[in-house]
Amino acid sequence: MKILDQKISQLTIPTPFAVGDTHVYLLKGDMLSLVDAGVKTKEAREAFMIQLKELGYKPTDIEQIILTHHHPDHIGLIEEFPRARSIVAHENVDLWLTRNESFFQHYECFFRELFVTSGVPEQFMGFLDKLRVPLRYAGKGHVTNVISEGDVLPGHQEWKVIETKGHAQSHLSFINKNDGSFIGGDHILSHISSNPLIEPPINEEEARPKPMLQYRSNLQKCLDLGISKVYPGHGDIFSNVETLVPLRLEKQEQRAGKVLTLLKEYPQTAFQLCQQIFPRQYKKQLDLTMSETIGQLDYLEDSNLISKTYEGGLLYYHAG
Ligand SMILES: [Zn+2]
């Protein structure tokens with residue numbers, strides 16, 4: 001637990017995920033708000049309650065929950081606060097809190113179709129059955145206050161909402177107009193590059209979002225916000241946004257360069273590329289590694305460096 005200033009404290013909660021601990025923030029203002037809520041495990045709940053008590057509060061003191069995005073390591077404990085009647089978040093968080101069944105079916109169909117056309121063999125499709133497993137770590141509820149770019153946080157007029165899609169299609173960050181501090185969720189972290197993740201379009205008839213392109217433009221957007229320091233969802237608090245953002249962008253361009261080199265040899269599917277880029281990880285983490293590969297392909301296509309053709313139901317990418 002860290003008291004950052006009179007109005008904001010950081011609480012750190014363990015998760016069972018590879019990412020390690022998650023940070024949540026307690027905001028004092030016209031209301032007492034919790035920004036993000038860790039995972040739903042006994043260990044997380046205990047760690048949170050101990051730190052809340054150290055700060056001099058009880059669970060019933062929390063009046064509002066604000067969420068940066070819908071991932072389970074950020075929404076776990078939302079049911080623990082009986083007086084928090086409002087959940088404030090991007091509208092796309094709601095599908096995950098309510099466990100909207102038709103959305104999940106659409107989600108699974110989308111990935112099956114995407115992966116089949118990307119050349120993923122049937123024996124690897126088992127991951128589709130596991131898509132819902134992380135939900136056991138997620139809290140249930142519904143978004144009562146939808147917020148979007150340019151809004152201010154209810155009860156905390158100095159915090160402005162910045163849309164930062166890429167890592168998630170529900171991702172928002174919050175900037176303090178007075179001192180430039182930035183609650184960044186998983187948009188920008190000091191120790192690892194945040195991964196843009198493929199998600200289906202919210203409306204089935206729309207084209208899928210391209211999270212790598214969103215992530216890049218939302219990183220660039222951060223350079224113009226006058227961010228003084230970042231309060232992240234994971235890892236250390238940091239202030240070198242002006243140097244970190246160009247580094248992250250450059251690293252991504254280098255990764256895309258490797259994909260382009262492979263495509264200069266011969267046209268390939270996303271799955272063929274994924275196997276070569278992530279030879280050790282692709283079987284165990286097919287969703288993450290395919291997200292990364294397709295992200296790089298979206299970037300190369302957007303830069304007019306590659307094109308694609310359909311042959312026998314498969315999508316092939318070509319250099320040039
Ligand atoms: Zn996270």
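Buried means under 20% relative accessible area, partly exposed lies in between, and exposed means over 50% (1.4 Å probe, protein chains only). The model is predicted: local features need pLDDT of at least 70, side-chain atom pairs count only at pLDDT 80 or more, and totals for chains, interfaces and linings use all residues. Residues are numbered from 1 along each chain as its sequence is written, and side-chain values use heavy atoms, with hydrogens and water left out.

**View A. Protein donors of the zinc ion.** Asp73 (OD), His74 (NE2), Asp186 (OD) and His234 (NE2) lie 2.0 to 2.3 Å from the zinc ion. Donors are N, O and S atoms within 2.8 Å of the metal (3.2 Å for Na, K and Ca); water is not among the atoms, so sites may look incomplete. The donor residues follow the spacing D-H-x111-D-x47-H in sequence. Asp186 and His234 are both buried.

**View B. The pair Phe271 and Tyr282**. Rings of Phe, Tyr and Trp (its six-membered ring) pair if their centres lie within 6.5 Å; planes under 30 degrees apart count as stacked, over 60 as edge-to-face and the rest as tilted. The structure holds 15 aromatic pairs. In this one the ring centres of Phe271 and Tyr282 are 5.7 Å apart and the planes stand at 75°, so the pair is edge-to-face. Phe271 is buried at a relative accessible area of 4%, and Tyr282 counts as buried at 10% relative accessibility.

**View C. An aromatic cluster**. One cluster is formed by Trp96, Phe103, Phe104, Tyr107, Phe110, Phe111, Phe115 and Phe127.
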